[in-house]
Amino acid sequence: MTQRLHIVGGGMAGSEAAWQAAEAGIPVVIHEMRPKVETFAHRTGDLAEMVCSNSFRSDDHEQNAVGLLHWEMLQAGGLVMRQAYTHRRPAGGALAVDRDAFSAGVTQVLRDHPNVSVSDEEITELPEDGQWIFATGPLTSSALGAAIARETGADALAFFDAIAPIVYFDSIDMDVAWLQSRYDKGETEEERKAYINCPMTKPQYEAFIDALLAADKTAFHEGETAGYFDGCLPIEVMAERGRETLRHGPMTPIGLTNSHKPEEKTYAVVQLRRDNALGTLYNIVGFQTKMKYGAQTEVFRMIPGLENAKFARLGGIHRNTFLNSPTLLDSQMRLRSKPNIRFAGQITGVEGYVESSAMGLAAGRMAAAEILGRPLPEIPQDTAHGALIHHITGGAEAKTFQPMNVNFGLFRPVDGLKGGRRGRKDRYKAYTDRAKAEWTGWLATQEVPA
């Protein structure tokens, strides 16, 4: 009888790992404590619930490392990517989804799979035997976190992650705001108008920054430190770094023209992205925040077009934990001190839905191959999956290790190509061409259906 694989955590990584192993013929149990045990950020008991943005970011698989991960996962029969395309919503060059339909789709497919069962028990200890993948994400329960800390002999690293607010569309003043994707990007009219844009004059922007800096913020508990991940900074933290930081970040007006006043140059812009299939909800792009709820409504209603905004969800902040993976995990993503246990997803120190899903895909295939007794060739380092795995299992400096999105800075150089901005387009295309060839070759060596 084939050994059972236990997966702790039913988020992006756990769901993808379960799918990959189940498709290889391995009996899988997903241990997901929700909704029996709730977390700060989750609302449902569905698998692969999206708790922050509804975007899988860029879908460009020739010029963007995230888009390359999309492509690699699709070639490997990835469940998360297939469901993302099934429930896709217009978002210019990004891959955004109806979050509820997406999670429901992943949940249904896994629950219907004959090799998958789901248990709602909370796992609080690291098991001594059996094959396990821990994909508990950045909201690992305190009991399990303590067990991991005891085993590794090191405290779990921590940073604080903030989620952005969601606004009801019918409360947005479209006589002020307008529809446009940056640089009119997209192949269809719907994609070219996938974002709502709220313009700001310089006085309005300055007043907004003043309000951000003065607003009441969530206080940290004793012993906690605010080690934010730079890719998901609260807007008020960005404002503290300089008054122009937001205007050169999520509030940049570049590539946008106010259709109501095309002759006027907009000083700053707040963008909102469609969050569901009905188009009734929009999330404020890049507006993660740690402001208290009362302060959020006051400050965000200073944004032109949002003066009467009604919020389906306000922003929040929570503590995220991750392993110092370069010191703890081997190249197969196994815990060195307990090789029957693999880790996958954000707890390994990758950041984002896409990266988490990718690490789940890799861990699921690795575990399935080990159970079946079939040697699995090492994932090529020059693929997007391989670049991430190399980074978290030894490529990064352990002393300065922090959550990382996939990016071309993790890729080995291609000989003969120029560096710098001018050669970037050719360089990125070379990276993706090389990765696709390596990934296709790696999949071809496996008996697991791709």
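1. I163 sits in strand 8, residues 157-163; helices (H or I, at least four residues) and strands (E, at least two) are DSSP runs numbered from the N terminus. At a relative accessibility of 6%, I163 counts as buried, where buried means under 20% relative accessible area, exposed over 50% and partly exposed in between, with a 1.4 Å probe and protein chains only. G286 is 123 residues from I163 in sequence, and their C-alpha atoms are 9.0 Å apart.

2. On provenance: this is a predicted model, in which local features need pLDDT of at least 70 and side-chain atom pairs count only at pLDDT 80 or more, while totals for chains, interfaces and linings use all residues. Residues are numbered from 1 along each chain as its sequence is written, and side-chain values use heavy atoms, with hydrogens and water left out.

3. The protein chain contains 13 helices and 17 strands. Its radius of gyration is 22 Å, close to the 22 Å from the globule rule for 450 residues, so the chain is as compact as a globular protein of that length. The radius is taken over C-alpha atoms, and the rule is 2.2 Å times the number of residues to the power 0.38. Along the principal axes, the C-alpha atoms fill a box of roughly 70 × 50 × 45 Å.

4. Of the 450 residues in the protein chain, 58% are buried. The chain exposes about 19000 Å², of which carbon and sulfur atoms supply 49%; accessible areas come from the Shrake-Rupley method with a 1.4 Å probe, and for residues only the protein chains shown count as cover. Among contacts (heavy atoms within 4.5 Å) between residues at least 6 apart in sequence, 71% join residues at least 24 apart.

5. S356 belongs to helix 11, residues 353-372, and is buried, with a relative accessible area of 5%. Leaving aside residues up to four places away in sequence, S356 touches M12, A13, G345, Q346 and V350. For G345, 11 residues from S356 along the chain, the C-alpha separation is 3.9 Å.

6. Two backbone entries deserve a check. Most residues other than glycine have a negative phi. R57, which is not a glycine, has a positive phi of about 65°; R57 is in strand 3, residues 55-58, and is partly exposed at 26% relative accessibility. M333 is also a residue other than glycine with a positive phi, near 65°. M333 is placed in the loop between helix 10 (325-328) and strand 16 (334-335) and is buried, at 0% relative accessible area.

7. K425 is in helix 13, residues 424-444, and counts as exposed at 62% relative accessibility. K425 and P27 are 398 residues apart in sequence, with 44 Å between their C-alpha atoms.

8. The second largest pocket holds about 270 Å³ of space. Of its 14 lining residues, those closest to the centre are P199, T201, N258, K261 and E264. A pocket is an open set of points on a 1 Å grid over the protein atoms alone, where a 1.4 Å probe fits, with protein on both sides within 12 Å along at least five of seven lines; lining residues have an atom within 4 Å of a point. Grid points are joined across faces, edges and corners, and the volume is the space filled by probe spheres set on the points. The lining has five nonpolar, five polar and four charged residues; Ala, Val, Leu, Ile, Met, Phe, Trp, Tyr, Cys and Pro count as nonpolar, Asp, Glu, Lys and Arg as charged, and the others, Gly among them, as polar.
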